[in-house]
Amino acid sequence: MDHLDELESKSIYIIREAYKQFKNIAVLWSIGKDSTTLMWLVRKAFYGKVPFPALHIDTSFKFKEIYEFRDKWAKEWGFNLVIGRNEEALKRGVNCKTSGALQCCGQLKTEALKQAIAKHGFKALLLGIRRDEHGIRAKERVFSPRNKEFQWNYKDQPPELWDQYKNKQEGEQHIRVHPMLHWTELDIWRYIKRENIPVVSLYFAKNGKRYRSIGCEPCCHPIDSNADDIDKIIEELKTTKVAERSGRSQDKEAAYMMQKLRSLGYM
Amino acid sequence: MGKEHLKFVIVGHVDHGKSTLIGRLFFDTGCLPKEKIEEVKKICDSLGKELEFAYVMDHLEEERDQGITIDTAQTFFSTKKRDYVIIDAPGHREFTKNMITGASQAEAAILIVDAEEGVQEQTKRHAYILKMLGLDQVIVVINKMDLVNYDESRFKEVSKDIKEFLNKIGANEPTYIIPISAKEGDNVAKKSENMKWFEGMTILEALDTFKSKMDRSNLALRMPVQDVYKIDDKRIIVGRVEAGTISEGDKVLILPTEENAVIASVEEFLNPDKKKAVCGESTGIVTKEKAFIDRGMVLSDKEDKPIVTSTVKANLFWMSKDPLRKGETVTLKCATEEASCDIEKIEKRIDSSTFEVLEKDASELRNMEVGEVILKTNKEIIVDDFNKTPELGRFVIEKGLDTAGGGIIIMGEEK
């Protein structure tokens with residue numbers, strides 16, 4: 001087995017564990033490259049017959065390319081697509097320009113996710129986060145509990161030995177399952193190339209700019225790049241010294257912004 | 001592509017310089033993004049401190065405020081030979097469970113010792129945990145040599161102390177012992193100008209000599225069953241091959257029922273030509289005959305089989321404030337098996353730092369103690385020699401909702 005085979009095998013093992021242990025789960029699909037790769041791995045784990053829904057938390061501020069991609073591939077892959085939106089906050093007009101990122105992410109992402117979990121009673125969620133994305137994510141467990149207020153108690157996480165994952169939960173706790181923690185950004189692109197996984201066109205350079213990380217349109221900024229295909233992206237990443245999420249506002253508004261967001265339930 | 005990968009953990013007593021060493025490894029291998037250096041600089045400035053490499057790994061606000069690592073973290077760097085994953089483990093006694101979480105994922109280890117302070121409580125505990133987890137590719141680094149004027153005799157003294165302790169706990173000699181200064185960069189990526197008396201390798205050179213995980217494809221088959229899926233008309237038994245290989249046409253034994261089965265097909269999504277799965281692969285198989293197969297069972301080689309038993313003897317590291325009591329019932333998880341088990345006997349209660357036997361035939365095992373225990377499961381489980389199939393030779397104990405202990409099975413003495 002080569003390196004990508006090993007990464008894939010570990011992820012599939014974790015995905016199968018999550019379903020076996022919790023049954024009522026969902027895969028969180030942000031439509032970005034990581035969660036789309038996760039969708040691919042989920043399809044592999046269940047031989048194309050995925051027994052749980054894909055959940056998209058929609059802030060209504062995503063790029064139009066993201067919505068098109070979502071609708072096309074959810075149908076093609078036969079996913080039961082569940083869309084979670086905080087309609088009440090959207091009606092109030094919450095947005096990142098006037099409300100600020102902490103408010104906006106909190107209401108339209110975290111709160112929308114809470115509502116979706118409550119509505120569907122999900123016991124666990126599969127998320128495509130990786131350790132190399134952000135320092136705070138490097139501290140994550142593979143199976144990571146959130147309490148009923150949705151908080152991540154990062155100061156006192158349960159031990160996680162070998163491949164033995166937490167499978168018991170109390171009351172309204174839910175478990176965040178991270179099948180791709182051990183992947184890097186470069187691994188993701190190499191795997192996308194090898195498996196021929198479709199990704200949103202925003203990742204590829206047009207007129208000297210491309211997005212390295214995608215989400216809400218107002219909070220994502222493109223980087224200078226001429227990488228208009230996967231091979232060029234891989235080459236670019238091999239030499240770059242710029243952090244992946246440098247185009248994402250919520251990561252840096254203030255020191256520990258990400259820690260605060262995450263401890264309150266952000267992805 | 002094709003580059004090797006290796007995961008190693010950095011352990012040692014609090015303040016002996018783990019996080020600083022990691023920052024140094026990143027910096028000297030050019031693996032630190034420019035933005036990251038700027039971010040760390042900015043935070044150090046705002047806290048009125050000099051540039052601290054430690055902040056690269058210590059990401060939590062509390063960690064930076066207190067200057068300690070609380071939880072284990074993983075990051076990545078590369079040398080010409082390999083891509084490395086560094087697992088940073090906290091040194092504080094209180095966070096030992098996080099250290100074990102980190103160390104249980106590693107293939108090699110760096111044990112760091114402060115040249116001034118020498119071998120301390122957590123140095124010994126961590127050394128013991130490494131030994132217990134079966135990690136035998138170990139570099140001991142004697143750090144902060146700059147603070148002892150790069151003195152060779154001090155290096156020899158500390159080296160002798162750590163060797164003596166490793167000997168006492170029955171661990172192998174460390175693969176390398178290297179005098180370094182993580183802060184100044186001596187013997188990390190570059191040979192030290194300040195310690196010409198040292199002729200050994202730098203940390204990076206030493207790391208590059210280590211081997212990544214052993215391929216156990218040539219051993220006898222062990223495939224613990226993870227789940228059974230009904231996909232269209234097929235009943236697919238899924239799991240990961242933990243030793244050996246499994247191919248179409250193979251005759252295998254199902255344990256613990258001792259039923260025979262023939263593999264009708266090996267299943268992979270969108271790959272109808274799949275005929276064989278190798279060690280480490282998460283796969284699925286269909287059997288020719290309809291056999292009763294469920295999670296926790298093991299598909300095995302017909303001749304070379306693991307052991308089916310309901311009594312196991314093990315070394316158990318306890319990491320919960322709630323002690324483990326003789327006679328109580330807890331949950332044992334080994335590979336994909338989960339069973340209720342009674343603590344029949346705690347033969348020895350051992351201090352994990354001094355390695356002294358505190359009590360024989362004890363009534364309880366407390367936080368951060370190691371016990372030699374006898375466990376009785378309420379159903380038969382399948383275990384194997386840890387050195388042969390680690391996945392079947394190690395287990396966790398859950399008490400309440402969480403993992404509270406980690407154990408390695410002692411073979412040959414059960415029943």
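This is a predicted model: local features need pLDDT of at least 70, side-chain atom pairs count only at pLDDT 80 or more; totals for chains, interfaces and linings use all residues.
Local features are taken at pLDDT of at least 70, side-chain atom pairs count only at pLDDT 80 or more, and totals for chains, interfaces and linings use all residues. Residues are numbered from 1 along each chain as its sequence is written, chains are lettered from A and ligands numbered from 1 in the order in which they are written, and side-chain values use heavy atoms, with hydrogens and water left out.

**Stop 1: the cores**

Select A:V27, A:V42, A:L55, A:L126, A:F143 and A:W189, the residues with the most contacts inside the largest nonpolar core, which has 78 residues. Such a core is a set of buried Ala, Val, Leu, Ile, Met, Phe, Trp, Tyr and Cys residues joined through side-chain atoms within 4.5 Å. Buried here means under 20% relative accessible area, exposed means over 50%, and partly exposed lies in between (1.4 Å probe, protein chains only). Now colour helix α1 (residues 3–22) of chain A, which gives the core its largest share, eight residues. Helices (H or I, at least four residues) and strands (E, at least two) are DSSP runs numbered from the N terminus.

Next, centre on A:L126. Which residues does A:L126 touch, not counting those up to four places away in sequence? Among them are A:I15, A:A18, A:V27, A:V42, A:F52 and A:P179; contact means heavy atoms within 4.5 Å. Apart from this core lies another, of 72 residues, including B:V113, B:Y128, B:L130 and B:V370.

**Stop 2: backbone details**

Go to A:Y47, in the loop between α2 (33–45) and β2 (54–57) of chain A. Its phi is near 50°, a positive value in a residue other than glycine, and A:Y47 is buried at 9% relative accessible area. Then pick A:W162, in the loop between β5 (143–146) and β6 (174–177) of chain A. A:W162 also has a positive phi, near 50°, and is buried, with a relative accessible area of 5%.

Over in chain B, show the bond between B:L255 and B:P256: this peptide is cis, with omega about 10°. B:P256 sits in the loop between β10 (251–255) and β11 (259–267).

**Stop 3: where the chains meet**

Select the contact between the chains: 69 residues from chain B and 55 residues from chain A. The area buried between them is about 5,700 Å², of which carbon and sulfur atoms give 54%; buried area is the accessible area (1.4 Å probe) that two parts lose on being put together, summed over both.

Seven salt bridges are counted between chain B and chain A, each a side-chain nitrogen of Lys or Arg within 4 Å of a carboxyl oxygen of Asp or Glu. For an example, zoom to A:K49 and B:D232, whose side chains meet at 3.5 Å, N to O. On the side of chain B that touches chain A, strand β23 (residues 402–410) supplies the largest share, five residues.

**Stop 4: A:K166**

Finish at A:K166, in the loop between β5 and β6 of chain A. Is A:K166 buried or exposed? A:K166 is buried, with a relative accessible area of 7%. Its side chain makes a polar contact with the side chain of B:D402 (2.6 Å), and a polar atom of that A:K166 side chain lies 3.1 Å from the backbone oxygen of A:K168. A polar contact is a pair of N or O atoms within 3.5 Å; within protein, one must be able to donate a hydrogen and the other to accept it, and residues adjacent in sequence count only if both atoms are side-chain atoms. Leaving aside neighbours within four places in sequence, A:K166 is in contact with residues including A:F22, A:F143, A:I175 and B:L401.
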